[in-house]
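My entries follow in the order I made them.

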Amino acid sequence: MQNPSTPDARPETFKGPSAWLGKNMVKTPEAWLYQLTAVDVDDLEAAATHFLSLGLDVAEIRKETFPLAAFGEHILQLKQKLLSGIGLEVLRGLPISGYSKAFAATIFCGIGAHMGSARSQNAEGHILGHVRDIGADESDPNSRIYQTCERQTFHTDSADVVGLLCIREAREGGKSLLVSAETIYNRMKQEHPDLLEKLFDPIATDRRGEIPNGAKPYMEIPVLSWYEGYLTVFYQRQYIESAQRFEGAMRLSPEHVEALDMFDALANNPELCFGMQLQPGDMQFVYNHSQLHDRTGFLDWPDPSQRRHLMRLWLSIEGDRPLPESFKERYGTIEVGNRGGIVTKHTKLRAPID
């Protein structure tokens, strides 16, 4: 029997729904965009009203305290689309202009509670994150890129699924970009299989100062892992480069750098990737194990109250794929449905509304 971790056991080409081409996704928005109906919105609003009547903190939201009727069926379909379909979906049509931040956060976190368990997004234990420019210094190796207005790079987050709720758009830019890891694999296998193999080596990735008790300041997880019949991606190029500052981190060989450069070039290939401008009320869910996401730089509004703002969830999903042992370095545990996030000895889970 073949060892499933050996290169010979990997497919020559991935052909499933998650190995999509960006040029095709642009032509078929119905594949990834779901328009909320009036019945859906009524269901979500009723569930939020019920939860808020209980006097609980949003961090305590559960399926039982956010009861859904009609929309619960769509969430089941959404989970399957993430885990075994194209790996992403945008829910459009939530009328948040008439909501308070607390009401919008309740709906967003309530949907998350029906999908899985929310995970901490930083050392402070925030299960509800806020993506906006707070003036963080991009050159600081301990800064988080999402707290700037600069162009990000294609990357994954440290959870099974990442969800975004658009509260306000930027004045210009801030476009959401997506690309399939399986599609990048297919192209590298075809054009440069020797470089593709370098991406299966453990590569140091910076923790950016958020270090679990007893851990090194960096993780050693391959960009691509083949395990139990699944190709799984874990990637953040800036954090790979900044990890080189640590003594003991694996040095990047010229071949590794060439492989990472090719990975980035293919991720940005307009034939492979595609983008969307999230509108206020849009909720985007992306499966981190098969997809990478990015965001273009943006110009914000001068009025602080009008500036770009997205709420974010990291989720762990029941029924998900198994992950290799190396992911324990980031996830702490690889138990399906109870993994992911950033946890240190000082972490206490909470959900700040703003």
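**Entry 1: a three-stranded sheet**

I began with an open sheet of 3 strands, which has the order β12-β7-β14 and antiparallel pairing. I noted that the model is a predicted one. Next I looked up the edge strands, and they are β12 (274-276) and β14 (291-295), each of which pairs on one side only. For the twist I wrote down an average of 25° from one strand to the next.

I then followed one of the pairings in this sheet. Strand β7 (residues 176-180) pairs with β14 over 5 bridges, in the antiparallel sense. Which residue of β14 stands opposite leucine 178? I found histidine 293 there.

**Entry 2: strand β13**

I turned to strand β13 (residues 283-287) and asked how many of its residues are buried. The count is 5 of 5, so I put the strand down as mostly covered, with buried meaning under 20% relative accessible area. I checked the two faces separately. Met283, Phe285 and Tyr287 are on one side, Gln284 and Val286 are on the other, and all are buried. Both faces of β13 are therefore covered.

Then I looked up the partners of β13. Strand β2 (residues 88-92) runs antiparallel to β13, and 4 bridges join the two. Strand β5 (residues 161-168) also pairs with β13 in the antiparallel sense, over 5 bridges.

**Entry 3: helices α2 and α4**

I moved on to the helices. The axes of helix α2 (residues 38-53) and helix α4 (residues 101-115) come within 9 Å and cross at roughly 105°. Angles of 65 to 115 degrees count as roughly perpendicular, so α2 is roughly perpendicular to α4.

I listed the residues that make the contact. From α2 they are Leu44, Glu45, Ala48, Thr49, Phe51 and Leu52, and from α4 they are Phe103, Thr106, Ile107 and Ile111. Sorted by class, the residues of this contact divide into 7 nonpolar, 2 polar and 1 charged.

**Entry 4: helices α3 and α4**

I looked at α4 again, this time with α3. The two pack at an angle of about 65°, and their axes are 10 Å apart. I recorded the crossing of α3 and α4 as right-handed. On the α3 side the contact is made by Phe71, Ile75, Leu78, Lys79 and Leu82, and on the α4 side by Ile111, His114 and Met115. By class I have 6 nonpolar, 1 polar and 1 charged residues in the contact of α3 with α4.

**Entry 5: lysine 63**

My last entry is on one residue. Where does lysine 63 lie? I found lysine 63 in the loop between α2 and α3 (70-84). Its relative accessibility is 44%, so I counted lysine 63 as partly exposed.

I also looked for what lysine 63 touches. Leaving aside its neighbours within four places in sequence, lysine 63 is in contact with Ala113 and His114. I checked a distance as well: the C-alpha atoms of lysine 63 and glycine 112 are separated by 8.9 Å, and the two residues are 49 residues apart along the chain.

Key. Residues are numbered from 1 along each chain as its sequence is written. This is a predicted model: local features need pLDDT of at least 70, side-chain atom pairs count only at pLDDT 80 or more; totals for chains, interfaces and linings use all residues. Side-chain values use heavy atoms; hydrogens and water are left out. Buried means under 20% relative accessible area, exposed over 50%, partly exposed in between (1.4 Å probe, protein chains only). Two strands pair if DSSP finds at least two bridges between them. Axes are lines fitted to C-alpha atoms, for helices over the stretch in contact, and angles run from 0 to 180 degrees between N-to-C directions. Angles under 35 degrees count as roughly parallel, over 145 as roughly antiparallel, 65 to 115 as roughly perpendicular and the rest as oblique. Contact means heavy atoms within 4.5 Å. Ala, Val, Leu, Ile, Met, Phe, Trp, Tyr, Cys and Pro count as nonpolar, Asp, Glu, Lys and Arg as charged, and the others, Gly among them, as polar. A crossing is left-handed if the near helix is turned anticlockwise from the far one by less than a right angle, and right-handed if clockwise.
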